[in-house]
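Subject: Structure handover

Hello,

Please find the structure below, with notes on what turned up in it. Could you read them alongside the model?

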Amino acid sequence: MAGPGVTPFGTGVQRFGDRGARFLRLDFVLLLATLGLIVFSLVTLGSATSDNYFVTHQAGYASVGLALMFVLAFFDYSRLRELKWGLYGTMIGLILLVLVAGTATRGSRRRIDLPFFGFQPSEFGKILLVLALSAFAIEFMRRRSEREITARVILLAIIPAMLVMAQPDLGTSIVYVAIGLAVLFIIGVSWRQFAGLAAIVGVAAMLALVVAPAIGLPVLKGYQQDRLTAFLHKDDVDPRSQGYQLNQSVTAIGSGQKTGRGPEGATQTQLDFLPESHTDFIFAVVGEQYGFVGAGLVLTLYALLIWRALRILTISKNLFGAIVAGAITAMLMTQVFVNAGGNVGIMPITGIPLPLLSYGGSSVIVTLIALGLLQSIYVQARETAASKREVLA
């Protein structure tokens with residue numbers, strides 16, 4: 001018989017109450033920005049494509065990703081720190097697997113076709129690298145000099161970046177390097193180390209883009225070089241070949257003006273002048289259909305994501321969480337800046353997806369997993385702060 005003040009369902013009610021309290025500790029600004037981008041993606045894909053195939057599949061990917069996000073939000077992310085070697089080894093193994101067993105498309109071998117899903121290991125490698133590098137960095141800080149820490153973190157980031165580059169996937173390899181640099185920045189590596197890395201990158205770029213082709217050893221394929229350099233001399237490239245994608249993208253965005261031409265009047269999109277309108281150039285679709293207002297709204301949602309990620313970095317209960325949050329921030333910022341910048345002609349076009357907006361199962365799911373980790377760091381930080389207040393009271 002239940003005692004005074006206790007119902008036969010007391011345990012269940014208490015558990016429900018605990019779960020409800022944890023749910024209320026979520027970062028709802030981050031959650032609303034996430035849902036806003038997903039809705040914007042579905043609406044844009046629906047108006048940019050001739051059937052519901054992309055919308056239906058994108059909704060399915062988002063549903064799976066949201067489920068994983070909420071599971072991770074209430075999982076203690078600190079447990080993943082001890083799995084660093086397994087996470088890093090899994091990432092390398094998956095990237096190598098796609099080079100051997102991946103499906104070749106347009107000269108690239110980036111995915112493995114599974115039933116109802118094109119699995120892209122390099123996308124999942126992003127979050128695995130974030131977690132592994134964050135854990136390794138803490139270990140290195142205990143017993144290594146600053147120079148050794150810098151060298152080891154960069155080496156661990158460069159190895160998968162080079163393997164991804166071999167697929168070839170230039171955009172994702174850039175994200176891998178950005179994650180490594182973010183980890184170094186969060187743990188407080190001096191600017192002298194970054195200056196040295198910048199010098200090395202400059203020399204490497206000179207060798208890859210100038211010296212190697214001059215002696216008959218091109219590191220990059222012709223189309224990759226065109227994509228990397230077309231935005232630097234837009235007026236000089238042939239708009240029918242090297243500059244076609246960039247020219248169509250800039251034309252689409254410019255034609256949208258302030259409020260856009262609407263789905264029916266967006267001729268660049270509807271008449272298929274704009275290539276890859278559902279993936280690489282979906283930001284140009286937004287610009288043409290919804291104009292400056294629509295593009296500004298999308299960028300505002302991304303600004304909210306970045307702001308909340310940086311906020312979570314500052315309140316993390318431990319250094320591991322802070323590094324993970326910082327690396328995820330760099331991952332998101334790099335993708336948004338490179339993709340949107342490429343669409344408007346201030347960055348090279350690398351084929352990098354726009355998080356949550358571009359069509360693609362691997363990209364959507366991985367981004368939502370990353371946001372789930374941010375939510376986990378936020379929830380843990382709030383619970384730790386609440387515990388401290390209870391002790392003081």
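D169 counts as buried because its relative accessibility is 1% (buried means under 20% relative accessible area, exposed over 50%, partly exposed in between, with a 1.4 Å probe and protein chains only). This is a predicted model, in which local features need pLDDT of at least 70 and side-chain atom pairs count only at pLDDT 80 or more, while totals for chains, interfaces and linings use all residues. Residues are numbered from 1 along each chain as its sequence is written, and side-chain values use heavy atoms, with hydrogens and water left out.

D169 sits in the loop between α6 (146-165) and α7 (170-186). Helices here are DSSP runs of H or I with at least four residues, strands are runs of E with at least two, and both are numbered from the N terminus. The D169 side chain makes a polar contact with the side chain of T172, at 2.8 Å. A polar contact is a pair of N or O atoms within 3.5 Å; within protein, one must be able to donate a hydrogen and the other to accept it, and residues adjacent in sequence count only if both atoms are side-chain atoms. Not counting residues up to four places away in sequence, D169 touches R110, Q120, S122 and V164, where contact means heavy atoms within 4.5 Å.

S122 belongs to helix α5 and counts as buried, at 0% relative accessibility. Setting aside neighbours within four places in sequence, S122 is in contact with D169, and also with V164, Q167, T172 and Y176.

I95, in helix α4 (residues 84-101), is buried with a relative accessible area of 0%. Apart from neighbours within four places in sequence, the contacts of I95 are P121, P160, L163, V164, Q167 and Y176. From I95 to F124 the C-alpha to C-alpha distance is 9.5 Å, and the two are 29 residues apart in sequence.

F124 lies in helix α5 and counts as buried, at 17% relative accessibility. Leaving out neighbours within four places in sequence, F124 is in contact with F117, F119, S362, I365, V366 and I369.

How do the two helices α5 and α15 pack? Helix α5 (residues 121-143) and helix α15 (residues 361-392) meet at an angle of about 20°, with their axes 8 Å apart. Axes are lines fitted to C-alpha atoms, for helices over the stretch in contact, and angles run from 0 to 180 degrees between N-to-C directions. The pair α5 and α15 is therefore roughly parallel; angles under 35 degrees count as roughly parallel, over 145 as roughly antiparallel, 65 to 115 as roughly perpendicular and the rest as oblique.

On the α5 side the contact is made by E123, F124, I127 and L131, and on the α15 side by S362, S363, I365, V366, I369, A370 and L373. By class, the contact of α5 with α15 has 8 nonpolar, 2 polar and 1 charged residues. Here Ala, Val, Leu, Ile, Met, Phe, Trp, Tyr, Cys and Pro count as nonpolar, Asp, Glu, Lys and Arg as charged, and the others, Gly among them, as polar.

**A309**

A309 is found in helix α13 (residues 282-315) and is buried, with a relative accessible area of 0%. Not counting residues up to four places away in sequence, A309 touches A325, T329 and L374. A309 and V324 are 15 residues apart in sequence, with 10.0 Å between their C-alpha atoms.

**Two positive phi values**

Q257 is not a glycine, yet has a positive phi of about 50°. Q257 is in the loop between α10 (244-256) and α11 (262-265) and counts as exposed, at 62% relative accessibility.

L356, also a residue other than glycine, has a positive phi near 70°. L356 is in the loop between α14 (319-344) and α15 and counts as buried, at 1% relative accessibility.

**The chain overall**

The protein chain has 15 helices and 3 strands. Of its 393 residues, 49% are buried. Among contacts between residues at least 6 apart in sequence, 74% join residues at least 24 apart. The chain exposes about 18,900 Å², of which carbon and sulfur atoms supply 66%; accessible areas come from the Shrake-Rupley method with a 1.4 Å probe, and for residues only the protein chains shown count as cover.

Regards
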